[in-house]
Amino acid sequence: MDLSAEDKHRLECFLVNIQQYSASFLGYPSAKDFDFSLFKDFLHYPINNIGDPFKEASFKVTSHEFEREVLKDVAEMLRAPEGNWWGYVTNGSTEGNLYGLYLARELFPNGIVYFSQASHYSVSKNVHILNMRHIMIRAQDNGEMDYEDLTDTLKIHRDVPAIIFANIGTTMTEARDDLKKIQSILDDLAISNRYIHSDAALCGAIAPFLDPRPAFDFADGADSIAISGHKFMGSPIPCGVVLAKKEAVDRIAQSIAYIGTLDTTITGSRNGLTPLFLWYSIHLLGVEGMRRRVNKSLAVAAYATEQLNEIGVTAWRNLNAITVVFPSPSVDLQQKWQLASAADQSHIIAMPGVENSDIDCFVNDTKCYLRQTCSN
Ligand SMILES: *Cc1c(COP(=O)(O)O)cnc(C)c1O
């Protein structure tokens, strides 16, 4: 069997489109520097990582063994407590964040979720799905949580368990909430019933390599952390990793055992290819390779900020961020470069695969739009 000539042509055109769109986007946090063609033979098999990656199941067409290695490597990067963590490869951080909040709710059914107004749009949906009480906290201008507003708000609810949803790299400005500050606020208010989830969708794969190291991981007080695999690590299929302290997961495993099952993941069938991709990237790069990749992105972000400032655009970035923020340019320019924009701000993100030469093209374009000398 073969596709018709017309259908084949359609796919060829679509490929060209995807290639062009992929080359020209600067606004979205997807690495573009990967090649997983090594895995084409695996496309012949129904690999499905259904169930708990750590449990033997009767279905054997899984990549659970690679998934477990990915989880172990990420657990080390995020300083998870030895022998007291659990996790799985998700469809992305929306699922990982849902999972973290789910664990928090099972531990503290009457807890209140606190998250800043700079949080990803999916957080409101997640607390709605879980039917959790929540309060939005103000964000500072740079996108980081306003700790004074957090303190004032927590003060009024000292009798209620606090579930803090921390952003480790906000969507617009890549601001990171500081877990050490949050912990000390909770300590001062003597709120011991607490749960902290880190939404490290973008920065989970960056922050471990930064100096100073941001306070965001298990050693800094997180109870669970979500990372996206298709963002900084890079993957043709959306994916992510969620890790949590094992004691919290055992709690939900037990509570589900009441209704006769012991499944610990949100979805049943799970992608079997994405754990292979993540495993491949980690093994290909090694820790030093990952560090080099982070440093390269930081250098491109610094270059972009400089070049934009030079032509009079007030571009800025948070400390050690790869996201460069500036006032939204014309709609044409936003569309051409697929810039993410909100509240009159736009950004470009120096993801792996973005080179100084891409920045030069963008800056040139911006310059001619500013001077209205553009021909296109
Ligand atoms: C991208 C992102 C998410 C959602 O992650 P997906 O992997 O797209 O589901 C959540 N939070 C932040 C801060 C993000 O940047």
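Which strand does His347 lie in? His347 belongs to strand β10, residues 345-349. Helices and strands here are DSSP runs numbered from the N terminus, with at least four residues (H or I) for a helix and at least two (E) for a strand.

## Ground rules

This is a predicted model, where local features need pLDDT of at least 70, side-chain atom pairs count only at pLDDT 80 or more, and totals for chains, interfaces and linings use all residues. Residues are numbered from 1 along each chain as its sequence is written, and side-chain values use heavy atoms, with hydrogens and water left out.

## Around His347

His347 is buried, with a relative accessible area of 2%. The scale runs like this: buried is under 20% relative accessible area, exposed is over 50%, and partly exposed is in between (1.4 Å probe, protein chains only).

A polar atom of the His347 side chain lies 2.7 Å from the backbone oxygen of Met172, and the backbone oxygen of Gly27 is 3.0 Å from a polar atom of that side chain. If you set aside neighbours within four places in sequence, His347 also has contacts (heavy atoms within 4.5 Å) that include Leu26, Thr171, Phe326 and Leu339.

## A buried lysine

Lys231 sits in helix α7, residues 229-233. Lys231 is buried yet has no salt bridge; that term means a side-chain nitrogen of Lys or Arg within 4 Å of a carboxyl oxygen of Asp or Glu. The nearest side chain of opposite charge is Asp199, 6.6 Å away. For charge, Lys and Arg count as positive and Asp and Glu as negative, while His and the chain ends are not counted.

So who does Lys231 touch? Not counting residues up to four places away in sequence, the list is Pro29, Ser30, Ala31, Ala201, Leu202 and Met351.

## Salt bridges elsewhere

Side chains of opposite charge can pair when their charged atoms come close. Across the whole structure, a search turns up 18 salt bridges. One of them joins Arg79 and Asp217, with the closest N and O atoms 2.7 Å apart. Arg79 is in the loop between α2 (64-77) and β1 (85-90) and Asp217 is in the loop between β5 (194-199) and β6 (224-228), so this pair ties together parts that are 138 residues apart in sequence. Arg79 is partly exposed at 35% relative accessibility, whereas Asp217 is buried at 0%.

Another salt bridge links Lys55 and Asp52 at 3.6 Å, N to O. Here Lys55 is partly exposed at 47% and Asp52 is buried at 10%. Arg105 and Glu106 pair up too, at 2.9 Å, N to O; Arg105 is partly exposed at 25%, and Glu106 is partly exposed at 24%. Salt bridges with shared partners also join Arg79, Lys180, Arg213, Asp217 and Asp220 into one network.

Ile311 lies in the loop between α9 (273-310) and β8 (323-327), and counts as buried at 19% relative accessibility. Leaving aside neighbours within four places in sequence, Ile311 is in contact with Val363, Thr366, Lys367 and Leu370.

Notes. Polar contact = N/O pair within 3.5 Å; in protein donor to acceptor, adjacent residues only side chain to side chain.
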